[in-house]
Amino acid sequence: MELLSTSTVTLPYARRRGNFNNAYFQNQPSLRRTHAQPLQQKFLPVVKPGLSLSPSLLRDKSFVSKGSQQITWVDEKVPEIIRPYVKLARIDDDIAVWLHVWPAFWSIMLATKPGTVPDLKLFGLCHLMALIFHVSNCTVNDLIDLDYDRKVERCKTRPLAAGDITPVQGWLFWALNIALLIPLMLQLNKLCIVLVAVEQVLSIAYPFMKRITYWPQAFLGVAHNWGAPLGWAAVMGNLTDIRIFIPVYIAGIFWTLIYDTIYAHQDKDDDAEAGVKSTALFFGDSTRTWLLGFATICIGSLMFAGYNAHMGWPFYLSMIPAFGHLLWQIYSVDLSNGFDCLMKFLSNKWFGAIVMAGMVLGRIVY
């Protein structure tokens, strides 16, 4: 861990450098330290040079870290004996759950007849399954990527990479999550059970993709958006009307290519050293051009699905802010700043919410 020294503070920080607003620290007694009193084990996110760290951000414990590992409620409230497993599951990280569940929600809404209310129980069931998918996917990903994680600054403190959990314990924890998934699957129809099984196979295959192709984000999109056919099958009991759920699936894949390429820019230096492939490395300086194309396909596919599902005009109107949100990400993100990449990535749950709101209104007004 390197040290950044100023006249008032000594901070450990990650590889990505930025400039802090020293004036802010001068006025915060709780943050002031002399060179003889380093701020031990505290990490503040590095922002774009010239930007200030707002007081609200500094007070947000989810953005304060020990080394390169975030301090969250898990560190403060979870008993130490189970804490490594909770960290392995990344329960404190809800963004992946939302990214996983939104395509399923979209398909459920599109499968709902105009003027009717969708099955709210199905939304709850899909959300709970997405949470378990998230936990099992994080576990298997960390197990397979164990050697790589030890070489990547951001991942070194993960429980498996740090040695807090053994690989055998990790696989047993993964098996437990699959066992928890079974009673939820049995509440769905047989087609959905098959689709859930296929999704697990895709999720296990994903970590290997970054070893063989520069497009692992595309394969992640295939796996992560499997909720699109799953949500449709849960309502309709079949996969015959490909004019609706397939365009949703395609939109989800290209959406994933956008947010996960931005996310991958956090680790591009470490990935290059470790031999890990990604679209961030492949696109390089052309990233924004590629992402613009992906955004256009994403929105176009959603509109095509909405047209075939006879959505009302509010849905098409919602595509304007949805596309605007993607454009904001693409053209405002600082791809050389890991913290900014993370913030843009986290904002994608709101893209999903915008699309969902448009679909709900599009079913009410038709």
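Select tryptophan 313 to begin; you will find it in helix H17. Keep in mind as you look around that this is a predicted model. Is tryptophan 313 buried or exposed? Its relative accessibility is 57%, so tryptophan 313 counts as exposed.

Now move to helix H18, residues 338-346. Seven of its nine residues are buried, so the helix is largely enclosed by the rest of the structure. To see the buried ones, select Gly338, Phe339, Asp340, Cys341, Leu342, Lys344 and Phe345. Then show the side chain of asparagine 337, which caps the N-terminal end of H18. One of its side-chain oxygens lies 3.0 Å from the backbone nitrogen of phenylalanine 339.

For the next stop, go to the largest nonpolar core, which has 68 residues. Select Trp106, Leu110, Met129, Trp255, Leu302, Phe351 and Met359, the members that touch the most other members. Apart from this core lies another, of nine residues, including Leu88, Ala89, Val135 and Leu146.

What does tryptophan 255 touch, not counting residues up to four places away in sequence? Its contacts are Leu99, Trp102, Pro103, Trp106, Asn225, Cys298, Leu326, Asn348, Phe351 and Gly352.

Note on methods: Residues numbered from 1 in each chain as written. Predicted model: local features only at pLDDT ≥ 70, side-chain atom pairs only at ≥ 80, totals over all residues. Heavy atoms only, no water. Buried < 20%, exposed > 50% of the residue type's maximum accessible area, 1.4 Å probe, protein only. Helix = DSSP H or I, 4+ residues; strand = E, 2+ residues; numbered from the N terminus. Polar contact = N/O pair within 3.5 Å; in protein donor to acceptor, adjacent residues only side chain to side chain. Core = buried A, V, L, I, M, F, W, Y, C linked by side-chain atoms within 4.5 Å. Contact = heavy atoms within 4.5 Å.
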